[in-house]
There are 2 protein chains.
Amino acid sequence: MDQNHLSEEEFLKQYNVGDYERPSVTVDMLFFTIFNKEYEDIRKLPEKELQLLLIKRNGHPYKDSWALPGGFVNIDESIDDAVYRELKEETNVEDVYFEQLYTFGDVDRDPRTRVISSSYLALTNRENINAKAGDDASDVAWFTIKKTDIEMNEEDHKKTYYFNIYSQEKGIDIIYKIIEKTTYDQYVPNKQYEFIPVSEEKIAFDHIKIINYGLDRLKNKIEYTPIAFNFLPEYFTLTELQKVYELILGKELLKANFRRKIKQVVVKTEETTHEVGHRPSSLYTFNKNYQTLF
Amino acid sequence: MDQNHLSEEEFLKQYNVGDYERPSVTVDMLFFTIFNKEYEDIRKLPEKELQLLLIKRNGHPYKDSWALPGGFVNIDESIDDAVYRELKEETNVEDVYFEQLYTFGDVDRDPRTRVISSSYLALTNRENINAKAGDDASDVAWFTIKKTDIEMNEEDHKKTYYFNIYSQEKGIDIIYKIIEKTTYDQYVPNKQYEFIPVSEEKIAFDHIKIINYGLDRLKNKIEYTPIAFNFLPEYFTLTELQKVYELILGKELLKANFRRKIKQVVVKTEETTHEVGHRPSSLYTFNKNYQTLF
DNA sequence: ATAATAGTGTCTGTCAGACAATATCGT
DNA sequence: ACGATATTGTCTGACAGACACTATTAT
């Protein structure tokens, strides 16, 4: 019995949700894949690119800007279910690794109304994906993501780099300049985003911030979890795996050291690559019984 | 102009939020401090305990159970602002480190209505805090948190431990048994919570899950960020700092090694402890110009 | 002297970074 | 033979874990 002499059952029966204003809750998805860019010289291995799925907005606000796919969380589905549903709706894939990133809840994120958005990271290899434009989108495209360091000041705890989001196929090039500063009183770096106008194309809402947040997570997690394997097919070469790591970490690795490191995480198969114009490579699989990663 | 021939300004003017059902959004706060438990023998150093603030629920549901402090996110405030406001309301502190943990959004979290909750970690040292019971609470208390390993099976990727939440002062003892399993197809361990009834007292909602999530984050982050310093006053001894680390990590550390490790992160002052019944210790401060942590 | 804590030196094994050397395929 | 990639061996320095030893205070 509570102070109104109601049992829990009675209380829930008479409970009224109330009609004060509630924010809308949405999910935004960072759907990353790795794209193999083939060379004309078949003896050379394809170059890998980190790509992100963006949709072109059909209506206001941010009309004609590129936004993360996503949508509202329905009243009768969990946040994870909403992500699952949206992934299936927009890309027709079901079996994709995803994880929650961060929930963005600033008041002025969306000029229409108050929107709180949980961002999610989704990773897969490029096969079987057919992204299609939904109601709210006039176009869908995979964008290559690249960061280029401009300046690194160790003493100052300051880091400046270009953030390049482009689609060669569509002829779109979007550039932001990002300045990261770690101040004395907080160890979470402060990030400042500046749009560099090279064309009319832009990233909608605060999505550039979310994209960068996702890249940071990816970079951290690849060091101590096996997320990298989500980007690759079941069988892959060690050079392919290494290139995934190099792409996410943004630096080159030494082959011998990399192989020593991931030895316990992969299993060698009898199969090799064929007709590649050079020494064939053994194919490996992910070792599901790895103890610790690295 | 969009498909209805409206400019962005016109669009926003006529935009209607719509009246479909929206979930409620709340924040739940994990407010951790470290408590110094003094010994009668003044020559012995106080033992440190990790403590968490919980409130006793006044009404249904989970009446008389212990819950995390928190509340609704208002329509005109950011999630962080809501946390800031709640922290001030419930504990009257303003200058506290906090960070977002995870947003829990299962459909059946709260029997009253659909509630999506962002959990936050808040850390401070115990001074100047006066928690008070709010409207929805009949009591507030600091609970000591302890984990005791029962079983660790390396091959099986299985870990079992007791999760003990108690207040000696109030004579309350709450125990859960947690089983963590890492299965082949996912590297995020699956956690199973079992309430061990030693008394009538319980943890409300899914808050035991949130508490455990926060402890995991704390354990991870203490290794590569200076969060530990939030638990200590401005000046502290290295033994105190080490005990904070031991508490969070759940294992003893070797003094010489610990000191070598944190050398660059602290600054030695001229001051020492006084009248402690043994050799006095130098007092140290956090070095704000640390380059990397460990 | 003893209890209790503070503070330092050093041995050892592990591991990451760097680099070198050898192997195998197609043209 | 050459171009391209595959695969393995090993030297070195940094660093974490373990342990031992010395120092200083109050009772």
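Q: Contact means heavy atoms within 4.5 Å. With that in mind, which residues is A:E77 in contact with, leaving aside its neighbours within four places in sequence?
A: A:E77 touches A:F72, A:A82 and A:R85 in its own chain, and B:G105, B:V107 and B:R114 in chain B. A word on the model before we go on: it is predicted, with local features needing pLDDT of at least 70 and side-chain atom pairs pLDDT 80 or more, while totals for chains, interfaces and linings use all residues. Residues are numbered from 1 along each chain as its sequence is written, chains are lettered from A and ligands numbered from 1 in written order, and side-chain values use heavy atoms, without hydrogens or water.

Q: Why is A:E77 called buried?
A: Buried means under 20% relative accessible area, exposed over 50%, and partly exposed in between (1.4 Å probe, protein chains only). A:E77 has 8% relative accessibility, so it counts as buried. This residue sits in the loop between β4 (70-72) and α2 (79-91) of chain A; helices here are DSSP runs of H or I with at least four residues, strands are runs of E with at least two, and both are numbered from the N terminus.

Q: What does the side chain of A:E77 reach?
A: The side chain of A:E77 comes to 3.0 Å from the backbone nitrogen of A:N74. A polar contact is a pair of N or O atoms within 3.5 Å; within protein, one must be able to donate a hydrogen and the other to accept it, and residues adjacent in sequence count only if both atoms are side-chain atoms.

Q: What makes B:E180 count as buried?
A: B:E180 has 11% relative accessibility, so it falls in the buried class. B:E180 lies in strand β9 (residues 172-181) of chain B, and its side chain makes a polar contact of 2.7 Å with the side chain of B:Y161. Beyond four places in sequence, the residues touched by B:E180 include B:H157, B:P189 and B:N212.

Q: Why is α4(A) described as roughly perpendicular to α5(A)?
A: Two packed helices are described by the angle between their axes and the distance between the axes. Axes are lines fitted to C-alpha atoms, for helices over the stretch in contact, and angles run from 0 to 180 degrees between N-to-C directions. Angles under 35 degrees count as roughly parallel, over 145 as roughly antiparallel, 65 to 115 as roughly perpendicular and the rest as oblique. Helix α4 (residues 238-249) of chain A packs on α5(A) at about 95°, with the axes 11 Å apart, so the pair is roughly perpendicular. Among the residues making this contact are A:L241 and A:Y245 of α4(A), and A:F258 and A:I262 of α5(A).

Q: How do you know that α4(B) is roughly perpendicular to α5(B)?
A: In chain B, the axes of α4 (residues 238-249) and α5(B) come within 11 Å and cross at roughly 100°, and therefore α4(B) is roughly perpendicular to α5(B). Their contact includes B:T239 of α4(B) and B:R259 of α5(B).
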